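This report walks through one protein model.

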Amino acid sequence: MSVGATLTKFLLEEQRKHPGSTGSFTALFSDLVVAAKIISREVNKAGLIDIIGAAGGKNIHGEEVQKLDELANSVIIKTMEHGGHLSGMASEEMESFVKIDGRYPKGGYLLVFDPLDGSSNIDVNVSIGTIFSVLRCQAGRELTEADFLRPGAQQAASGYILYGTSTMFVYTTGHGVHGFTLDPSVGEFLLSHEDIKIPEFGKIYSINEGNTKYWFPGTSKYIERLKSSDNDCCARYIGSLVSDFHRNLLKGGVFLYPGDKKSKNGKLRLLYEANPLAFIVEQAGGAASSGEGRILDIVPQGLHQKTPLIIGSRKNVDEAAAVWREV
Ligand code: P6P
């Protein structure tokens, strides 16, 4: 499809490739695009914090100002709950899942999301992102937490919105990875990166080396091997998962958030951080591992379960996982 096509047009073209589809998935994504545009507007206003007021404080009109991650959470819930495409949602911001309100029709999908990952970076003007995962469910059946605790390999779709120098919407439905860039002047996401493929190997490695003293031997051995190898390597770490992931997706490389002596399962969450990005990276030809196995094969035990994460170019991930297992 031609560069510059709108995300809505692209979704409709994709839908036509599945004659049996009801259009519910396309409509679900269209609602998600609206939420993304609203959050992008609010995130980009955040730079005016002195004018609009700091989170938890009051703005110049004396109105209470919501924390942006709470705001993003409620924008997604309110935009998605009435469309009739979902039966429930789960969020990094909410302890348990929510069922779609009885006032609204229920659909055959579940949405799991981190509404604003890296939000602590907002006040230093560093890019942040929304990460989402779509699962299938039986419309109308009484929903339980078990409906959300499915291996990432069962995702119907996943993606992220990156609020950076431009706002990008990147997603997969299992038919490649496609990126769209928001043109604020027309209020549309336009196709800018069709069928993204990650380089098989990359020089970039992304890890918080401030945690070196807590690393398990396997992590230390891998990073030392990287630094002493004949291949040039390049350390790049923004501290915002979506930004670090997106850069490595386009340029090649590996992001690592390992388990360590402080936290054996690391910091990142399986359902709404590792799984969605693992689906994306595998569709782009890369890999995502916990160090012990494929991220998408993990059977979740809880909504907010953490997992160690090695994600990026396949050769880099395979080497890191092998070295972790050596020790
Ligand atoms: P650390 C942001 O808080 C976040 O959840 C991810 O976006 C990011 O990759 C990670 O934490 C950074 O964690 O411990 O290196 O500051």
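## Glu 42 in helix H2

Glu 42 sits in helix H2, which covers residues 24-45. The model is a predicted one. Is Glu 42 buried or exposed? Its relative accessibility is 15%. Buried means under 20%, so Glu 42 counts as buried.

What does the side chain of Glu 42 pair with? It makes a polar contact with the side chain of Arg 41, at 2.9 Å. Beyond its neighbours within four places in sequence, Glu 42 is in contact with Leu 68 and Leu 71.

## Helix H7

Helix H7 spans residues 270-283 and is mostly covered. Of its 14 residues, 12 are buried.

After H7 comes Gly 285. The phi of Gly 285 is positive, near 95°.

## Two domains

The protein chain is divided into domain 1 (7-193) and domain 2 (204-326). Taken over C-alpha atoms, the centres of the two domains are 24 Å apart.

How many residues of each domain take part in the contact? Domain 1 gives 44 residues, in contact with 30 residues of domain 2.

## The interface

The size of an interface is often given as the accessible area lost when the parts come together. Here, domain 1 and domain 2 bury about 2600 Å² between them. Carbon and sulfur atoms hold 68% of that area. Within domain 1, Ile 131, Leu 149 and Tyr 160 lose the most area to domain 2. Together these three make up 22% of what the domain 1 side buries.

What about polar links? Polar contacts are another matter: 12 residue pairs between the domains are in polar contact, both residues at pLDDT 80 or more.

## The domain 1 side

Which elements give two or more residues to the side of domain 1 that touches domain 2? They are strands E1 (86-91), E3 (109-117), E4 (128-136), E5 (157-163) and E6 (167-172). E5 provides the largest share, six residues.

By class, this side of domain 1 has 22 nonpolar, 16 polar and six charged residues.

Definitions and conventions: Residues are numbered from 1 along each chain as its sequence is written. This is a predicted model: local features need pLDDT of at least 70, side-chain atom pairs count only at pLDDT 80 or more; totals for chains, interfaces and linings use all residues. Side-chain values use heavy atoms; hydrogens and water are left out. Domain bounds come from an automatic or database domain assignment. Contact means heavy atoms within 4.5 Å. Buried area is the accessible area (1.4 Å probe) that two parts lose on being put together, summed over both. A polar contact is a pair of N or O atoms within 3.5 Å; within protein, one must be able to donate a hydrogen and the other to accept it, and residues adjacent in sequence count only if both atoms are side-chain atoms. Helices (H or I, at least four residues) and strands (E, at least two) are DSSP runs, numbered from the N terminus. Ala, Val, Leu, Ile, Met, Phe, Trp, Tyr, Cys and Pro count as nonpolar, Asp, Glu, Lys and Arg as charged, and the others, Gly among them, as polar. Buried means under 20% relative accessible area, exposed over 50%, partly exposed in between (1.4 Å probe, protein chains only).
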